[in-house]
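Please look over the sequence and the structure below before reading on. The paragraphs that follow lead through the model step by step.

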Amino acid sequence: MIDYRLDYKSKIYPNIDLKNRNKVSKPDINSITNKKAKTLSKKTDLMLPLIASGAVAAGLLLVGLAARKKISSTTLKNVIQKPNNLEENLWKNLDFKKADTIEDAASYAKDVLGIKNFNLENDLQTANWVNEGLTNLQNIYKGKFKMPDAVSFLTSKRLQDSPMAIMSFPNSELRSLVINKDFLKSTESLEHIKTLLKGLEEKGAIAFSNGKYKFSILSRDRYKPLFENLAELKKGTKNFSPLEINYMAKGLDDYTNMCYYPNVYKDAFENLFKDASKMKKIKDKIPDFPDTEKIRKMSIDEMGNLIDNIYKKTGITLDCQYGIHSFNKFDMLYHEGGHLLHEKLIPSAYFKYHNPVVKGSVPENASKELLDFLNDSRKQEIAGRISSYAKHSPLEFVAETHIGLCNGYKFSDDIMELYKSYGGPIPPV
Ligand SMILES: [Zn+2]
């Protein structure tokens with residue numbers, strides 16, 4: 001086994017200038033620079049770091065599935081490989097029930113999901129989580145998901161600081177989903193969360209009162225489950241698995257970054273003004289809709305309120321959702337599942353889209369396709385709207401976007417065009 005595709009764990013603190021900031025609700029937009037998180041320059045030949053994304057609130061999947069209806073058929077048209085409608089129509093969703101023993105979990109993985117080799121030792125919690133997430137993917141793809149051939153643990157010795165990975169074998173079709181066993185014991189993400197929360201609280205970006213977090217930022221609905229879970233974590237009223245905690249840390253990273261990149265909102269409004277049909281709809285429903293000048297002078301909170309109002313009255317969403325985190329506890333598996341399907345769809349081009357070095361660096365023998373993605377500011381901007389990790393390579397862009405598609409997000413046309421250009425997998429409607 002020499003060919004790894006690893007998922008990258010978010011452990012780098014956003015290098016944001018907290019010193020000069022007051023409250024997030026009243027940012028001085030023009031003074032903020034788009035500072036990038038510090039990056040590692042470590043390079044390995046064998047390790048090909050890929051993803052990062054994970055877990056949180058149980059029960060959110062239902063919301064995600066219901067929300068899938070939001071994906072319009074026109075957006076999806078021409079993207080999915082011609083589905084076999086008959087088979088898809090006949091597909092009946094698998095009904096997942098948590099196994100009570102590790103043997104039952106392994107049998108389910110083998111007999112129902114078709115995973116040839118399933119060995120998660122005695123870890124029933126992780127086994128159930130993997131099985132449930134993979135079951136969801138099979139249901140989302142109406143029976144056409146590409147399952148990993150094996151599921152197993154590895155240690156940090158092999159996986160370094162990645163929580164999960166898809167590992168491929170040279171000259172073999174076999175693909176393994178590997179989970180970092182050491183990672184399950186780590187308290188690093190918890191420490192990271194504490195540090196970020198402390199910083200955000202000190203700067204007035206969030207406040208904890210009456211057992212709840214009050215936070216101020218656009219797309220607040222999207223961050224609601226995160227802060228609900230963080231409040232439970234702080235109070236100690238709910239137990240979270242290490243993978244869930246890692247995912248919360250990553251979500252909080254993105255939230256923190258987002259707090260300090262208010263240009264996102266300005267850009268989103270600028271794009272909106274260019275869209276005549278959307279503008280017409282908005283002006284019909286909101287007669288006193290402010291002009292560009294007024295919007296540019298608004299605070300983040302005011303822009304946030306306006307965006308909420310637009311959505312409430314017209315159903316129109318703006319392209320300002322940095323990070324696609326749904327805080328679905330299976331998002332990490334949806335990311336990895338995206339890699340599996342993506343490779344199946346474009347086996348010969350797949351590795352040209354891969355960046356085999358750690359986040360923030362470029363390999364010496366980078367492919368033309370990778371360089372094009374990294375050097376094209378427009379592509380980087382589009383990927384950045386998905387998540388910071390999506391900017392690492394076309395493969396990560398696809399996998400990160402895939403999380404959103406599995407959760408029913410509808411992305412703007414430019415995001416979908418780029419996704420399609422790399423042959424990313426799209427769940428059938
Ligand atoms: Zn990945």
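Angles between axes are sorted into classes: those under 35 degrees count as roughly parallel, those over 145 as roughly antiparallel, those from 65 to 115 as roughly perpendicular, and the rest as oblique. The axes themselves are lines fitted to C-alpha atoms, for helices over the stretch in contact, and the angles run from 0 to 180 degrees between N-to-C directions.

This is a predicted model, in which local features need a pLDDT of at least 70 and side-chain atom pairs count only at pLDDT 80 or more, while totals for chains, interfaces and linings use all residues. Residues are numbered from 1 along each chain as its sequence is written. The pLDDT, which is the predictor's confidence in each residue on a scale from 0 to 100, averages 75 over the protein, and 73% of the residues score at least 70. Over residues 1-83, however, the pLDDT is below 50, and this stretch has 195 contacts in the model beyond near neighbours in sequence; a contact here means that the C-beta atoms of two residues, placed from the backbone, lie within 7 Å.

The protein has 18 helices and seven strands, where helices (H or I, at least four residues) and strands (E, at least two) are DSSP runs numbered from the N terminus. Of its 429 residues, 44% are buried; a residue is called buried if 20 or more other C-beta atoms lie within 10 Å of its own, exposed if 12 or fewer do, and partly exposed in between, with C-beta atoms placed from the backbone. Among the contacts with a separation of 6 or more, 77% join residues 24 or more positions apart.

Turn now to a pair of helices. The axes of α16 (residues 377-386) and α18 (residues 413-421) come within 10 Å and cross at roughly 105 degrees, and α16 and α18 are therefore roughly perpendicular to each other. Where they meet, K379, I382, R385 and I386 in α16 face D414, I415 and L418 in α18 as contact partners. By class, this contact of α16 with α18 has four nonpolar, no polar and three charged residues, given that Ala, Val, Leu, Ile, Met, Phe, Trp, Tyr, Cys and Pro count as nonpolar, Asp, Glu, Lys and Arg as charged, and the others, Gly among them, as polar. Within α16, the residues I382, A383, G384, R385 and I386 are buried, and the cover over the buried residues of α16 includes α17 (394-406) as well as α18.

Among the strands, β6 (residues 206-209) and β7 (residues 212-215) pair in the antiparallel sense over four bridges, pairing being assigned if DSSP finds at least two bridges between two strands. In this pairing F208 stands opposite Y213 in β7, and A207 stands opposite K214 in β7. The two strands form a hairpin with two residues between them, and N210 in the turn has a positive phi of about 50 degrees. Most residues other than glycine have a negative phi. N210 counts as exposed because it has 6 C-beta neighbours inside 10 Å.

A positive phi, of about 55 degrees, is also found at N171, which is not a glycine and which lies in the loop between β4 (164-168) and β5 (175-180). N171 counts as exposed because it has 6 C-beta neighbours inside 10 Å. Finally, N119 belongs to strand β2 (residues 117-119), and it counts as exposed with 12 C-beta neighbours inside 10 Å. N119 and S152 are 33 residues apart in sequence, yet 5.0 Å apart in space from C-alpha to C-alpha.
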